[in-house]
Amino acid sequence: MREQIAAAGLFNWEDEIFVARAPGRLDVMGGIADYSGSLVLQMPIREACHVAIQRSHPSKQKLWKHAQARQLTKGQESTPVLQIVSYGSELSNRGPTFDMDLSDFMDGEQPISYEAANRFFSKDPSQKWAAYVAGTVLVLMTELGVRFDDGISILVSSAVPEGKGVSSSAAVEVATMSALAAAHGLDITARDLALLCQKVENHVVGAPCGVMDQMASACGESNKLLAMVCQPAEVLGLVTIPTHIRFWGIDSGIRHRYCCFCDDASV
């Protein structure tokens, strides 16, 4: 109910909203060897993450009451705010909402360091999940020099099982960054987007993953296997799956030790 109430008041429904979808993936060949730069075959799955984003002028953004109070305490008016609602929070013991002033991502004229961001999101375990989403904003600021003058409202809804080894974290990152790119007119290739999302997970979240998951989510196609070499992240081609062949992922019941969306566990 908290998620639904927060989501209902998140957007200005008469203004433009951008929605992106990114799937999870099933490892067919290669698996954990992506860390060593191996050849892998990855298959996008039906389950996916959807992210809806709206950018608003700070004077028009619909802020939650505590965000309004925070700005009044700071003596700020019309400051861009990042607001996130994540569905499914009750299933993984995380807070359903997150918000911050976008100015907190700046240190003078430059973005804050990834180390500082990691410490910021690690302070509250129930809010650490937000690093996967908000981290895309910081990576775009740091790596591409993007500056966000408008407020950003984000709604995350994912059907990718968490902690099951099917890349729920990569799906969230890819969907969020894709929606951000669309909303702000950024032209980013699928490969570059995957590499940027890897930086989110490596540096902002602090999870030492390879790039296989993000590449599979960003570059994969339905009913095809993505063939790629993980270092230096080069797609070799797409292999059409014969119609008489089916793939199943079997849940081992062993959850990855990282929390929230991160999940490199075997299935």
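**A strand and its two partners**

A: In strand β7, L155 stands opposite A52. A strand here is a DSSP run of type E with at least two residues, numbered from the N terminus. The model is predicted, so local features need pLDDT of at least 70 and side-chain atom pairs count only at pLDDT 80 or more, while totals for chains, interfaces and linings use all residues. Residues are numbered from 1 along each chain as its sequence is written, and side-chain values use heavy atoms, with hydrogens and water left out.

Strand β7 covers residues 151–158. One partner is strand β2, residues 39–56, which runs antiparallel to β7 over eight bridges; two strands pair if DSSP finds at least two bridges between them. Another partner is strand β3, residues 81–86, whose pairing with β7 is parallel and extends over five bridges. In this second pairing, I152 of β7 has L82 opposite.

Strand β7 is mostly covered, for six of its eight residues are buried. Buried means under 20% relative accessible area, exposed means over 50%, and partly exposed lies in between (1.4 Å probe, protein chains only).

With a relative accessible area of 16%, I45 counts as buried. Leaving aside residues up to four places away in sequence, I45 touches R21, P23, G24, R25, L26 and V166, where contact means heavy atoms within 4.5 Å. By comparison of position, Q127 lies 82 residues from I45 along the chain, and their C-alpha atoms are separated by 28 Å.

How values were computed: Helix = DSSP H or I, 4+ residues; strand = E, 2+ residues; numbered from the N terminus.
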